[in-house]
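Thanks for coming, everyone. Please bring the structure up on your screens, and we will walk through it together.

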Amino acid sequence: MANSKKLKKQNKPKQLPTHVEKKREQERAAAKKAKRRRIWKRIGIAAGTVVLTGGIVWGVFTAVQKSGILLHNRIAMSSEHYEVNNAMMDYYYVELEKALCASGQGYLNYVGVGPEKSRKEQIYQGDTTWFDYLMQTVTSNNEQMLVLLEEATAQGMTLDDTEKADMEQKLSGINLEDYAPGVRMEDVRKAVEYSLIATKYS
């Protein structure tokens with residue numbers, strides 16, 4: 001029995017001095033803080049990577065959009081000798097919209113067109129929006145234009161020097177900011193030239 005009590009006393013852990021225990025608690029607390037900092041650092045790096053990656057993707061998309069590749073490489077309409085890409089379609093659309101706005105505010109109020117909403121949100125008739133109507137008009141006009149261009153080409157018709165000078169004067173007043181990002185002056189030039197030749201032949 002005495003040996004058992006003695007053994008129990010020997011197995012009882014010794015209590016460390018107060019200053020040593022306090023120091024160890026401080027060390028454990030410091031280790032926890034350091035571990036938390038490392039975890040937050042990794043989270044911060046991961047989040048930064050996501051933001052950076054997202055920024056790169058958005059930057060690439062914006063650069064591609066501004067370059068006009070998405071507009072130039074997509075052909076909206078074509079005939080045997082002529083093509084109208086999406087950049088040119090945007091030019092024709094904007095010019096038609098300008099013509100509509102030039103009709104005066106009284107007429108715009110009468111037909112229900114206002115500046116407070118996008119044309120895609122304003123109803124022209126039934127389920128057709130003003131955007132749909134204007135784009136359908138552009139498409140119809142361009143179909144006729146391509147027919148006239150082909151006939152003009154068959155007749156060897158081109159613009160003379162005076163007509164070319166008039167075209168340059170018109171182009172000098174063009175503000176590319178009126179059109180979709182990526183529309184270039186060469187797109188506008190081609191669109192204007194097509195229109196002039198078609199009108200001349202008609």
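Start with two helices: α4 passes α8 in a right-handed crossing. One caution before we go on: this is a predicted model.

Back to that pair. The axes of α4 and α8 come within 9 Å. They cross at roughly 65°. Who makes the contact? From α4, the residues are Ala-87, Met-88, Tyr-91 and Tyr-92. From α8, they are Asp-187, Val-188, Lys-190, Ala-191, Val-192, Tyr-194 and Ser-195. Sort the contact of α4 with α8 by class, and you get 8 nonpolar, 1 polar and 2 charged residues.

Now stay on α4, and turn to another partner. Helix α4 covers residues 86-101, and helix α6 covers residues 130-154. Their axes come within 10 Å and cross at roughly 115°. Which hand does this crossing have, left or right? α4 passes α6 in a right-handed crossing.

Here is the contact. On the α4 side, find Met-89, Tyr-92, Tyr-93, Leu-96, Glu-97 and Leu-100. On the α6 side, find Trp-130, Phe-131, Leu-134, Met-135, Thr-137, Val-138, Thr-139, Asn-142 and Met-145. By class, the contact of α4 with α6 holds 11 nonpolar residues, 3 polar and 1 charged.

Next, the largest pocket. How much space lies in it? About 230 Å³.

Let me name the lining. It has Tyr-91, Tyr-92, Glu-95, Leu-96 and Ala-99. It also has Val-138, Asn-141, Asn-142 and Met-145. Val-192 and Ser-195 complete the list. By class, that lining has 7 nonpolar, 3 polar and 1 charged residues. Look at Tyr-92 again. Tyr-92 is in the contact with α8, in the contact with α6, and in the lining of the largest pocket.

Let's step back to the whole chain. How many helices and strands does the chain have? There are 8 helices and 4 strands. Along the sequence, the pattern reads α-α-α-β-β-α-α-β-β-α-α-α. The chain has 202 residues, and 24% of them are buried. Now take contacts between residues at least 6 apart in sequence. Of these, 63% join residues at least 24 apart.

Is Leu-159 buried or exposed? Leu-159 is buried, because its relative accessible area is 7%, and buried means under 20%. What does Leu-159 touch beyond its neighbours within four places in sequence? The contacts are Lys-164, Met-167, Glu-193, Leu-196, Ile-197 and Lys-200. Take Leu-196 from that list. Leu-159 and Leu-196 are 37 residues apart along the chain, yet their C-alpha atoms are separated by 7.8 Å.

Then Pro-181, in the loop between α7 and α8. Its relative accessible area is 45%, so Pro-181 counts as partly exposed. That class lies between the 20% and 50% cut-offs. Where does Pro-181 sit relative to Leu-71? In sequence, Pro-181 and Leu-71 are 110 residues apart. In space, C-alpha to C-alpha, they are 9.1 Å apart.

That's the tour. Over to you for questions.

Notes. Residues are numbered from 1 along each chain as its sequence is written. This is a predicted model: local features need pLDDT of at least 70, side-chain atom pairs count only at pLDDT 80 or more; totals for chains, interfaces and linings use all residues. Side-chain values use heavy atoms; hydrogens and water are left out. Axes are lines fitted to C-alpha atoms, for helices over the stretch in contact, and angles run from 0 to 180 degrees between N-to-C directions. A crossing is left-handed if the near helix is turned anticlockwise from the far one by less than a right angle, and right-handed if clockwise. Contact means heavy atoms within 4.5 Å. Ala, Val, Leu, Ile, Met, Phe, Trp, Tyr, Cys and Pro count as nonpolar, Asp, Glu, Lys and Arg as charged, and the others, Gly among them, as polar. On a 1 Å grid over the protein atoms alone, a cavity is a set of points where a 1.4 Å probe fits but cannot get out, and a pocket is an open set with protein on both sides within 12 Å along at least five of seven lines; lining residues have an atom within 4 Å of a point. Grid points are joined across faces, edges and corners, and a volume is the space filled by probe spheres set on the points. Buried means under 20% relative accessible area, exposed over 50%, partly exposed in between (1.4 Å probe, protein chains only).
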